[in-house]
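Grab a pencil and work through these exercises. Each task comes with a solution that goes step by step.

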Amino acid sequence: MKSDPLLKALKKTFGYGEFRPLQREIIETSLAGRDTFALLPTGGGKSLCFQLPALVRDGLTVVVSPLIALMKDQVDQLEAAGVAATFLNSSLKASEAKARMRGLHEGSYRLLYAAPERLMLDNWQENLRAWNVSAVAIDEAHCISEWGHDFRPEYRQLSRLRALLPGVPFTALTATATERVREDIVRHLHLDNPAVFVASFNRPNLSYRVIPKDQGSKQIAEFVRKRPADSGIVYCATRATADRLAEALSSRGFPAKPYHAGLTAGERASHQDLFLRDEVRIICATIAFGMGINKPNVRWVIHHDLPKNIEGYYQETGRAGRDGLPGDCLLLFSAGDAAKQTHFIEEMRSAKEQEIARRQLRQMMHYAECPACRRRELLAYFGEDYPAPTCDACDNCLVPRESYNATTHVQKLLSCVYRVREGGRFGVGLNHLIEILTGADTEKIRRWNHNRLSTYGVGRELGRPEWASVGRELLRMGLLEQEKGEFPTIALTAEGLETLRTRRIVMLTKPMETKRAPVTRAGEIACDETLFDRLRKLRKRLADERGVPAYVIFGDTTLRQMAREYPASADALRAISGIGEKKLEEFGEAFAAEVADYLRTYPKVAFSPGKI
């Protein structure tokens, strides 16, 4: 370590003895003066990729960040580690902003966090030239792309920074981006022949589960009851649902707060602060919540409603387990949610927007209903293969769903599609096909004479939801296809027509069950839970005294290692991951004393070797 300045700085400031995957390569490339694009999963250590270089290079590193909460949170953590960092945004009083501007002119800071619109103000151009800016980091870089799930027009202005700061290396960072979005980022930021680093999208400590929605608030309450000390986020499609769920959970004894754009700025800030400080452990939120949340000990994420797209779902589930400890991801699935989204899609002005939204919704439905490994499905969406036969951390791998001979049902549905389109007639959607099969008496069926088809009413043995499930599975299997255009009509594929003609046996997967076996928790760190609880209370008290979230003091991973190794002296704490010199000096004595006091009453517990 003595001959490795980067590793020495990492241990001294942040308390870590090794880099995470790709961190060193990204840091060294930036320090060499080259533009860099880095795609690392949530919890993969993106921030360190621009924070550590700022400590070893001269000058100021400017960090572009989209949210006030994210700026304050990262600056709080850097200051706790002894790093001179600051932010400038609308939350500051005029006197505070003036003092920080003076510090920037005097060269007192290594990092400055600011929003893109502030950096583009005309009077800031001279400031940026005067502050000896030696690097620019653009966090949440996917915001620059219209094809991303969180497009922000103000990010497009950042290309002007390239002309303003010639020769300064740029680093663009994001946690989620398809190939198209990556190309957009590089093009719109005018990155010059950037080195591109793409880490694995796999989050091995996260488990994934999907169950049919059946009284969602009750299901969530049952889930939370088993995790009384854990923090979590419930994502909802609407503000009204977020409000209703927060009230329902609170009435059952699980204090929860809503978070959405319908609340005042003060209410949102208050609810977020309560969550960050562990005063409230549950946030019921729309997608407005999350991108600025750096809380590492979120232990679970529930989607009460079907997400609009895989990218949003991946990023939202990624807010669980950022500290590497286990995180549970649960999706409550209802085909009715998809129907609601289809209604919203139909109200979109642009046909192009509708087409993109429909494709994204079909991909999300496929993920929710597929019987395959959910981890493999997620990684495949981002173009990554999962090499293992099973992940052993999703419901489909742990409790594979049974198959059944569905040949008769498949023949009826394929035949119905064929009869509807016989003679070159127009196609219809899946819902109308189901109405034909179940013998519905509707105005459209009478008008189009579909009640005279040979397949009319032949499928009364199944209900509409069951037929919809069969139809969606045949779409996934490629026997049916949804045609492009204004109306998503259903057609037979060549394989579907061959299956109809040959009457080959088709096995389908039985629908999901509400109650399924629990998912294993990857990444668990065995420790003395009684001591861990005492250390957590000490951390909370110290954090409250300083007015910062508890994880700014130490993360759960650090506390669990303390509760495993029993460091009863400040010197012994040096071996614990996540304790840099500044934190050791400020908090070491208090935590060592707590461990020593505990050991006077309780004996040490021996643990078998495991992950730390």
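**Exercise 1.** In what order do the strands of the open sheet of six strands lie, and which pairing do they have?

*Solution.* Before starting, note that this is a predicted model, where local features need pLDDT of at least 70 and side-chain atom pairs count only at pLDDT 80 or more, while totals for chains, interfaces and linings use all residues. Residues are numbered from 1 along each chain as its sequence is written, and side-chain values use heavy atoms, with hydrogens and water left out.

Step 1: Strands (E, at least two residues) and helices (H or I, at least four residues) are DSSP runs, numbered from the N terminus. Two strands pair if DSSP finds at least two bridges between them.

Step 2: read off the order, which is S8-S13-S12-S9-S11-S10, with parallel pairing.

Step 3: look at the edges. S8 (206–212) and S10 (256–259) each have a single partner strand, so one side of each is left without a neighbour in the sheet.

Step 4: zoom in on one pair. S8 and S13 (residues 327–333) run parallel and are joined by seven bridges. Across from Tyr208 you'll find Cys329 in S13.

**Exercise 2.** Now work out the order of the open sheet of seven strands.

*Solution.* Step 1: the order is S3-S4-S2-S5-S6-S1-S7, again with parallel pairing.

Step 1: S3 (85–88) and S7 (195–198) are the edge strands with a single partner each, so one side of each has no neighbour in the sheet.

Step 2: check a pair inside the sheet. Four bridges hold S1 (residues 36–39) and S6 (residues 170–174) together in the parallel sense. Ala38 has Leu173 in S6 as its bridge partner.

**Exercise 3.** Which residue forms a salt bridge with Glu279?

*Solution.* Step 1: a salt bridge is a side-chain nitrogen of Lys or Arg within 4 Å of a carboxyl oxygen of Asp or Glu. By this rule, the model has 41 salt bridges.

Step 1: the partner of Glu279 is Lys540, with the closest N and O atoms 2.5 Å apart.

Step 2: find both on the chain. Glu279 sits in the loop between helix H12 (265–276) and strand S11 (282–285), whereas Lys540 is in helix H23 (residues 529–546), so the pair links distant parts of the chain, 261 residues apart.
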